[in-house]
Amino acid sequence: MSSRLGLSNLSGFQEILVVVLMLISFFAIFYSDIEAGYKIGIAALVFSIIFLASMATQVLKQGMPPKK
């Protein structure tokens, strides 16, 4: 059984970063007593960080020569 989370294009560090960001956003959105605008901002920030990290990984992989 694999411990991968279906994020096959990410390295181990990035996968941990994504999981931690998702947990932080989950707790910030559902268990904190802050305004809805801040919750939307936190969710948008977390989503954009995860999206940019995945895009950066893809760009770096496309620039690397294939392994033989």
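F26 is partly exposed, at 38% relative accessibility, where buried means under 20% relative accessible area, exposed over 50%, and partly exposed in between (1.4 Å probe, protein chains only). The residue lies in helix α1, which covers residues 12–30; helices (H or I, at least four residues) and strands (E, at least two) are DSSP runs, numbered from the N terminus. The model is predicted, so that local features need pLDDT of at least 70 and side-chain atom pairs count only at pLDDT 80 or more, while totals for chains, interfaces and linings use all residues. Residues are numbered from 1 along each chain as its sequence is written, and side-chain values use heavy atoms, with hydrogens and water left out.

A search of the whole structure finds five aromatic pairs. In the pair formed by F26 and F27, the ring centres are 5.7 Å apart and the planes stand at 70 degrees, so the arrangement is edge-to-face. Under the criterion applied, rings of Phe, Tyr and Trp (its six-membered ring) pair if their centres lie within 6.5 Å; planes under 30 degrees apart count as stacked, over 60 as edge-to-face and the rest as tilted. F27 is partly exposed, with a relative accessibility of 46%. F27 also forms a tilted aromatic pair with Y31, at 5.7 Å centre to centre and 40 degrees between the planes. Y31 counts as exposed because its relative accessible area is 61%. Ring pairs link F26, F27, F30 and Y31 into a cluster.

L23, F26, F27, F30 and Y31 form a nonpolar patch on the surface, and their accessible area together is about 590 Å². Patches are made of residues with over 30% relative accessible area and no salt bridge; like charges are joined within 9 Å, and nonpolar side chains (Val, Leu, Ile, Met, Phe, Trp, Tyr) within 5 Å. A salt bridge is a side-chain nitrogen of Lys or Arg within 4 Å of a carboxyl oxygen of Asp or Glu. Accessible areas come from the Shrake-Rupley method with a 1.4 Å probe, and for residues only the protein chains shown count as cover.

The secondary structure of the protein chain comprises two helices and zero strands. Helix α2 (residues 36–63) has 28 residues and spans 41 Å from its first C-alpha to its last, close to the 40 Å expected at 1.5 Å a residue; the expected span is 1.5 Å times one less than the number of residues in the helix. Within α2, V46, I50, A53 and T57 are buried, and what covers the buried residues of α2 includes α1.

Several residues describe how the helices are placed relative to one another. Q14, in helix α1, counts as buried at 18% relative accessibility. Q14 touches A53 and T57, residues up to four places away in sequence not being counted; contact means heavy atoms within 4.5 Å. V18, likewise in helix α1, is buried, with a relative accessible area of 5%. The C-alpha atoms of V18 and V46 are separated by 8.8 Å, the two residues being 28 residues apart along the chain.

A28 is another residue of helix α1, and its relative accessible area of 15% makes it buried. With residues up to four places away in sequence left out, A28 touches I34, K39 and I42. Between the C-alpha atoms of A28 and Y38, ten residues apart along the chain, the separation is 9.3 Å. A43, placed in helix α2, is partly exposed, with a relative accessible area of 30%. The C-alpha atoms of A43 and I29 are separated by 7.6 Å, at 14 residues apart along the chain.

For the protein chain as a whole, buried residues make up 16% of the 68 residues. The accessible surface comes to about 5,700 Å², of which 73% belongs to carbon and sulfur atoms. Among contacts in the protein chain with a separation of 6 or more, residues 24 or more positions apart account for 45%.
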